[in-house]
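Okay, thanks for coming, everyone. I'd like to walk you through one model today, so let me put it up on the screen.

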Amino acid sequence: MKRKDFVLHLIGEIAHYVLDADPMRMVISLHQEKDGLHLAVIDSVPREEEELESIRRSLNNAPRPEMAEYYGSMAGYDSLGSARLNLIGWQVKGADVTSTSNGTKIDLWLGGDRFDPESFSISDRTNKEA
Amino acid sequence: MDPKDRRLYLLLVCILVAIATVGMIAPGTEDASIGATLSAIARLQIRPARLVNDFTRAESPGAALVNAALVAGIGLVLVRLNGVRLAGPTVAAVFTLFGFGLFGKTPLNFVPIIIGVSIAARIAGKQFKEYILIAMFGSALGPLVSLIAFEIGLPPALSVPVGLLGGVAVGVVLPAIAFVMLRLHQGYSLYNIGLTTGFLALFAAAIVFGRGGQLPGGAVWNSEPTLLLILLVPAVSLALIGAGLLQNAQAALRGFVSITSIPGRLPSDFMDMVSVPAALVNMGVMGLLMWGYVIVVGADLNGPVLGGIFTIVGFAAFGKQPRNVLPVIVGVAAAALLFGHELSAPGVILAALFGTTLAPLAGEFGFAIGAVAGFLHLLIVLRSGAWHAGIGLYNNGLAGGLTATLLVATIEWYRANRQERRAARAGSYAASADGADDEE
């Protein structure tokens, strides 16, 4: 799958999840580098810690290569039923889920072994802005 | 290896070795020697494998059990060698391989497809483990290898190489089709590779029979199963329940109860979502329930029926639970009774068992939709086998995939339009957007 298609499917699935909560605002930010990319999704829905933890668990599940490539290909194609974050979790390197002053921010980190999330600053900035 | 994974491997290896040993020493034929069983296993490799060829009758129950254990064992070794976690999907694949090893899959017709999928992985620049599920389930096209190699009358020097190449060729194209099929039904049919292999089998049959003519169906169905076959499911089911309860009985039972509220849409790995012991209990309970159903309707516990039950046992770690399979079986039974089929008839009992591929529809949308799915499934599956001349072993997967696609598309269309209509009534932005479109 081309990188563009891959990113589109991830955005589709994560946006599906966020839109299920009917937010007034949703911002999707993408920062690409050679070895990886950072996708941040910010919405205006405050969530309980329990739900945040559940999102974290789904997005940071153990590597399952047999699931990621095959079943992960359904990400972004779900038009019936609820969004499934585990489809994303199998395909990303890691995810941070934080509560902002008036909503939630989900950071997805993708990349190869040389990928260094430290080179991205958007996470800190958006936290401050929020 | 994680101790939990090690225990699960040990359990599956013990089950397969026990079955193979019993198959070797109790073949259930007049000539009950180990040598006779080995000869029978060798003959199974070169006999036709298209639907429905019950190996328990074509050769002997013992030979069929050893063949099935061999096929499942190869699957288990593949999982281990590739460092893939033994969990819901891989356990489902191993049990499915075992089940179909009783009526169609053999090591000889299964391995070329695995090689084909591994070539596809290489072409796509992926690791084989990323395609391992497609490879394991994709062995449903094994009968194509047997058909070309031993049935259509090619010169002997040519037939086996061409058959093996045919298996490799379908293996190469399997992944590409599997991804597309998955999106058609959006994970509401558990046997996605059934839809994929059925679709490919349509083309394979058209090519093989391109010069016209068809081979006779020649169904082989064991209507006098031995006690060994009758008691196999309860024995394995009780072993699974025992293994689950042994680890922590209370937690396993609590987990089992929570599994019964999971809709089961692909991919629902119960071993990951709940726990391994709870999934083992669910597997055992499902085995006993399905075995009870077969006994109650008076169907034969032969190779294909046992194949159906063992496939359900495997998928009870990956999407099936008592509450989501019941509506589908009710739907199949209702259709059978309405159209004058006996519940124990071969096509009907297989549809009731394998039709549970549609369980996620019941789990997600309720009893009525599940029953409608089962009803439609029976009607379509009784016809679909002829479309591909029985080359695709997962004929119910093909019919189930088509049924799920029909229902998912209809439900999706209905829900989307109902939502839009409601929004229009409420005067929301959706209505204004429609209005704007109209003006343009």
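How many helices and how many strands does chain B have? Chain B has 20 helices and zero strands.

Quick bookkeeping before I go on. This is a predicted model, and local features need pLDDT of at least 70, side-chain atom pairs count only at pLDDT 80 or more, while totals for chains, interfaces and linings use all residues. Residues are numbered from 1 along each chain as its sequence is written, and chains are lettered from A and ligands numbered from 1 in the order in which they are written.

Back to chain B. Along the principal axes, its C-alpha atoms fill a box of roughly 80 × 60 × 50 Å. Of its 440 residues, 58% count as buried. For burial, I count other C-beta atoms, placed from the backbone, within 10 Å of a residue's own: 20 or more is buried, 12 or fewer is exposed, and in between is partly exposed. Then take the contacts in chain B between residues at least 6 apart in sequence: 78% of them join residues at least 24 apart. A contact here means two C-beta atoms, placed from the backbone, within 7 Å.

Now a couple of helices. α9 of chain B, residues 156-185, has 30 residues and reaches 42 Å from its first C-alpha to its last, close to the 44 Å expected at 1.5 Å a residue. The expected span is 1.5 Å times one less than the number of residues. Where does α9(B) bend? The bend is at Leu174(B), by about 40°, and a proline, Pro175(B), follows within four residues. By bend I mean the angle between axes fitted to the seven residues ending at a residue and the seven starting there. There's another proline in α9 of chain B, Pro161(B). Pro161(B) counts as exposed because it has 12 C-beta neighbours inside 10 Å. Pro161(B) and Ser146(B) are 15 residues apart in sequence, with their C-alpha atoms 11 Å apart.

Gln186(B) is in the loop between α9 and α10 (192-208) of chain B. Is that residue buried or exposed? Gln186(B) has 21 other C-beta atoms within 10 Å, so it's buried.

On to α18 of chain B, residues 367-387. Its 21 residues should span 30 Å at 1.5 Å a residue, and the end C-alpha atoms are 30 Å apart, so that agrees. α18(B) also bends, by about 35° at Val381(B). Ala389(B) lies in the loop between α18 and α19 of chain B, and it's buried because 22 other C-beta atoms lie within 10 Å. Why flag these angles? Because most residues other than glycine have a negative phi, and most peptide bonds are trans.

And speaking of peptide bonds, which ones are cis? One joins Leu51(B) and Val52(B), with omega about -15°, and Val52(B) is in the loop between α2 (34-45) and α3 (55-58) of chain B. The bond from Leu266(B) to Pro267(B) is cis as well, omega near -10°, and Pro267(B) is in the loop between α11 (227-259) and α12 (270-273) of chain B.

Next, where the chains meet. The contact takes 24 residues from chain B and 15 from chain A. On the chain B side, α5 (88-100), α7 (132-138), α9 and α19 (395-426) each supply at least two residues.

Last bit, chain A. Strands β2 (36-43) and β4 (103-111) of chain A run antiparallel, joined by eight bridges; I call strands paired if DSSP finds at least two bridges between them. Gly36(A) has Gly111(A) as its bridge partner in β4(A). β3 (94-100) of chain A is antiparallel to β4(A) too, with seven bridges, and the two form a hairpin with two residues between them. In that pairing, Thr98(A) stands opposite Lys105(A).
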